[in-house]
Amino acid sequence: MAFSLDLLFEAVLFGVLLGGFYAAVSLGLSVAFGLLDIPYVAHPAILVFGAYCTYLLGTAGIDPILAGLLLTPPFFLLGILLYRFYYETFERRGGAEAGVRGLAFFFGVVFIVEVGLILAFGVDQRGVQAPYIGSSLEIGEFRIPYRMLTAFGVALLLTVVLTLYLSRTFTGRAIKAVGQDEGALRLMGADPVRIKQIAFGIATGVNALAGAVLIIVGPVEPSLDRLYIGRTFCVVVLAGLGSMSGTLVAGLILGITESIVLMMLGASWAPAVSFGLLLLVLGIRPQGLFGR
Amino acid sequence: MPLSNTRFWTGAGIVLAALVAMAFSGINEYVFFAGFVVLQFVVLASAWNILGGYAGYVNFGVPAFVATGAYAALVMFKGLGAPLVVQIVFGAFVAGVLGLLVGLLTLRLRGIFFSIATVAVIFILETVVLNWRFVGGASGLQLSRPGPSLGFESYTRMLFAVMAVMAVAAVGISRYLQHSHVGQGLRALRDSEEAAECSGVPTLRLKLIACTVSGALLGAGGAPMPMYLSFIEPASSFNLSYAVSTLAMPIIGGLGHWAGPVIGALLLGSLQQIVTVTISSELNVLVVGVLLVVFVVIAPEGILGLVKSWKRSSK
Amino acid sequence: MEAILEVSGVTKTFGGFTALSDVSLSVSAGERLGLIGPNGSGKTTLINCISGALLNDSGSIRFAGHEVSRRAAHERTRLGIARSFQIPRPFRTMSVLENLMVPLAYVGGVAGGRARDEAMSILDGMGLAAKAGVTSSQLSQVELRKMELARAMAASPKLLISDEAMAGLAGAEVDEVLKILFELNARGITIIMIEHIMQAVMSFSQRVVCLDAGRIICDGTPQAVVANPDVQRAYLGD
């Protein structure tokens with residue numbers, strides 16, 4: 001294990017970019033689980049699904065980022081439909097087993113998506129081509145892959161746009177409020193169910209772009225959905241449920257930690273980092289860094 | 001509605017005797033090969049239901065507990081040449097400890113975090129196994145199993161009989177728990193954890209008991225796997241199919257009652273065995289996944305629930 | 001009269017928000033205490049800290065001579081603190097009778113036929129005997145509230161905290177619940193009542209405590225508290 005300050009610095013740098021990426025893929029979950037309190041374990045599965053959709057558009061020659069943007073509206077609609085279904089089936093009926101059933105439902109969706117992807121695309125990895133994938137920016141002795149820079153850039157943009165939307169627009173603020181005080185919202189004339197619907201639609205729409213970023217960062221395979229359950233929930237819990245800006249910070253922490261572990265112990269231990277960090281946070285400070 | 005103890009154990013005894021007698025008969029070997037899997041699912045589904053159905057905490061890391069049982073059994077066999085019974089007991093023990101640890105870490109928190117922690121355990125365990133040469137690492141291990149004992153014609157027949165005993169035991173344990181003081185408390189905490197606490201129910205303690213027993217039974221169900229396959233490897237041990245099926249069976253059969261997992265396991269397990277010859281294992285998982293979602297949405301009380309409401313409406 | 005409950009200097013914060021700030025309160029055995037305050041004043045947080053649903057950050061809570069602020073809720077129930085919930089939390093898959101069997105078993109250690117008899121007599125006293133076999137998810141609002149109280153009673157409490165048991169009930173129903181609370185108190189059970197229905201609070205309480213923004217702003221007879229200008233300001237604003 002050759003340890004040098006240079007290697008460490010490079011790992012940290014890579015970790016920062018990786019962290020931004022992790023924040024981007026967790027934004028949708030931050031809304032769906034952090035704000036709306038939906039046990040949305042299927043979020044990473046939809047993310048991977050989005051990545052594969054980007055791949056398909058890529059085979060037609062469409063640039064991945066453009067593909068992500070094109071996929072956002074249909075994914076937004078998908079989100080609305082999904083929430084509607086979830087609401088009618090689980091939230092409305094209530095009952096003791098609603099929580100178990102909601103969770104079982106979403107895990108069922110995870111299985112179906114993962115196996116569906118295996119049946120459609122096989123277990124081998126799929127990737128995309130783009131001018132910014134494959135080459136690196138060289139600064140002095142350090143090489144920063146362009147694809148990571150792109151991912152980080154998109155991630156930053158997404159986070160800023162979403163945070164602004166949630167704090168500046170009426171619907172956005174209603175979304176932030178609906179998790180905490182439905183009653184007050186109703187008094188203001190807003191329909192909580194419609195607000196949650198839009199929120200979930202946004203969460204899924206963001207996922208489309210995040211999926212594009214996922215396949216830009218590296219080739220994808222169907223089993224990634226379970227790995228990303230660890231990463232996305234780690235980020236959302238570490239940030240603190242309901243904190244958008246916290247998502248960026250938490251993403252950075254995870255990215256840097258994973259990058260350093262990758263450097264020191266190798267790739268097989270990297271998945272354990274996100275899950276381990278998640279368990280640690282839940283044990284020591286379950287409300288996360290910025291949670292309410 | 002509850003079956004009296006004598007009725008249940010008489011019935012169970014008859015079933016067990018029949019299964020064991022089968023194992024001594026001249027029936028085609030393949031029946032026992034397939035039957036082992038169905039019986040194993042009875043064990044796994046019953047085990048899952050103790051935590052999932054009775055307490056309402058959903059374990060998505062079933063492959064981790066099953067693999068723990070399998071690998072622990074392997075260690076006993078390879079390291080000490082231990083007989084099958086010892087392997088199973090040790091597998092159950094280690095998996096039970098794992099259940100207790102995961103429970104201690106996460107059962108104080110909301111249900112979803114427990115579930116995610118169980119997913120975490122899969123990854124962590126898989127990493128450990130992959131890096132452990134003694135149990136074969138990534139490429140796995142071939143085993144030569146000893147000859148069958150107790151007068152059975154083949155090792156597979158013996159495993160079938162052993163699994164039959166375990167299935168009856170698992171169902172018996174889950175039935176006992178359901179009707180016990182602990183079962184009453186679990187049901188209360190599943191319906192409302194806060195109200196249960198305020199009614200004097202030590203919710204954390206009960207959840208830990210359920211988690212430990214459930215984990216131990218899952219491990220027991222997985223322990224005979226190395227002997228069954230004469231082979232062990234991470235890819236098949238940590239497979240998705242166990243996760244989906246063990247979840248689907250109690251949900252389809254009926255949560256919260258000991259008979260639900262049995263119905264689900266027998267139905268789904270047999271179906272899978274018949275159909276596996278014709279379709280791929282991925283399609284199998286897809287179908288089970290879809291069935292799971294369909295039942296969760298349309299018939300949340302499972303087949304038992306459907307029977308109950310059909311009985312009620314025909315009165 | 002000795003104090004059965006002594007709350008001293010209790011503080012509870014959630015992130016940046018202080019729900020309770022240095023709250024001290026003493027309740028005598030057999031007393032009927034009313035707890036009032038505008039929405040968000042910390043009433044529910046206070047009783048959550050007393051019952052053990054939440055752990056206070058600082059201060060102490062002594063019940064019947066025991067320091068309980070670090071103890072789990074179920075232990076406090078076993079010591080004699082019972083509560084009903086603002087939004088009823090029945091054990092939905094169980095019948096009304098089975099709901100009561102849970103505290104009877106877990107607090108009183110009573111099961112089987114004896115438990116059934118005790119449960120039935122409690123239900124009788126509440127006017128719920130006819131609904132004993134009904135699944136609790138099928139009850140009406142007022143029946144649910146009564147079952148909450150019945151279930152709390154099945155834990156043989158020394159202190160019963162009733163959290164807005166009358167919220168949303170019509171006139172006659174309010175009287176029904178009030179009557180039950182009076183009867184329980186007559187048996188020697190200390191009762192803390194949180195209520196927004198002022199008439200009920202006034203007629204029931206021997207003493208009233210008013211909370212506002214996490215602090216106790218008044219503690220005295222019902223008449224004195226209602227006439228207090230701070231209390232009026234808290235409810236009506238400046």
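# Notebook: a walk through chains A, B and C

I opened with chain C and asked how far apart its contacting residues sit in sequence: among contacts between residues at least 6 apart, 63% join residues at least 24 apart. A reminder to myself: this is a predicted model.

**Entry 1, chain C as a whole.** I looked up the elements and found 9 helices and 10 strands in chain C. The radius of gyration of chain C is 18 Å, close to the 18 Å that the globule rule gives for 238 residues, so chain C is as compact as a globular protein of that length. I also noted the extent of the C-alpha trace, which spans about 55 × 40 × 35 Å along the principal axes of chain C. Of the 238 residues in chain C, 47% count as buried.

**Entry 2, the sheet of chain C.** In which order do the strands of the open sheet lie? I read 6-7-8-3-9-10 for these 6 strands of chain C, with mixed pairing. At the edges I found strand 6 (81–83) and strand 10 (215–220) of chain C, each pairing on one side only. From one strand to the next, the twist averages 20°.

I then picked out one pair: strand 3 (residues 32–36) and strand 9 (residues 207–212) of chain C run parallel and are joined by 4 bridges. Which residue of strand 9 is the bridge partner of C:Ile36? I found C:Cys210.

Helix 1 (residues 43–51) of chain C does, touching strands 3, 6, 7, 8 and 9 of chain C. The direction of helix 1 makes about 150° with that of strand 7 (159–163) of chain C. Helix 6 (residues 171–186) of chain C packs there too, touching strand 3, strand 7 and strand 8 of chain C. For helix 6, I noted an angle of about 155° with the direction of strand 8 of chain C.

I moved on to strand 1 (residues 136–139) and strand 2 (residues 142–145) of chain A, which pair in the antiparallel sense over 4 bridges. Here A:Leu137 has A:Ile144 as its bridge partner. This hairpin has 2 residues between the strands, and A:Gly140 takes a positive phi near 60°.

I looked up the contact and found 38 residues of chain B against 33 residues of chain A. Which helix of chain B supplies the largest share of its side? Helix 5 of chain B does, with 12 residues. By class, the side of chain B that touches chain A has 27 nonpolar, 8 polar and 3 charged residues.

I followed helix 5 to helix 3 (residues 62–80) of chain B: the two pack at an angle of about 35°, with their axes 8 Å apart. Among the residues making this contact are B:Ala67 and B:Tyr71 of helix 3, and B:Val121 and B:Leu125 of helix 5 of chain B. I counted the classes as 8 nonpolar, 2 polar and no charged residues.

I ended with B:Leu292: leaving out residues up to four places away in sequence, B:Leu292 touches A:Ala104, A:Gly108, B:Val244, B:Leu247, B:Ala248 and B:Ile251.

Technical notes
Residues are numbered from 1 along each chain as its sequence is written. Chains are lettered from A and ligands numbered from 1 in the order in which they are written. This is a predicted model: local features need pLDDT of at least 70, side-chain atom pairs count only at pLDDT 80 or more; totals for chains, interfaces and linings use all residues. Two residues are in contact if their C-beta atoms, placed from the backbone, lie within 7 Å. The radius of gyration is taken over C-alpha atoms; the globule rule is 2.2 Å times the number of residues to the power 0.38. A residue is buried if 20 or more other C-beta atoms lie within 10 Å of its own, exposed if 12 or fewer, and partly exposed in between; C-beta atoms are placed from the backbone. Ala, Val, Leu, Ile, Met, Phe, Trp, Tyr, Cys and Pro count as nonpolar, Asp, Glu, Lys and Arg as charged, and the others, Gly among them, as polar. Two strands pair if DSSP finds at least two bridges between them. Axes are lines fitted to C-alpha atoms, for helices over the stretch in contact, and angles run from 0 to 180 degrees between N-to-C directions.
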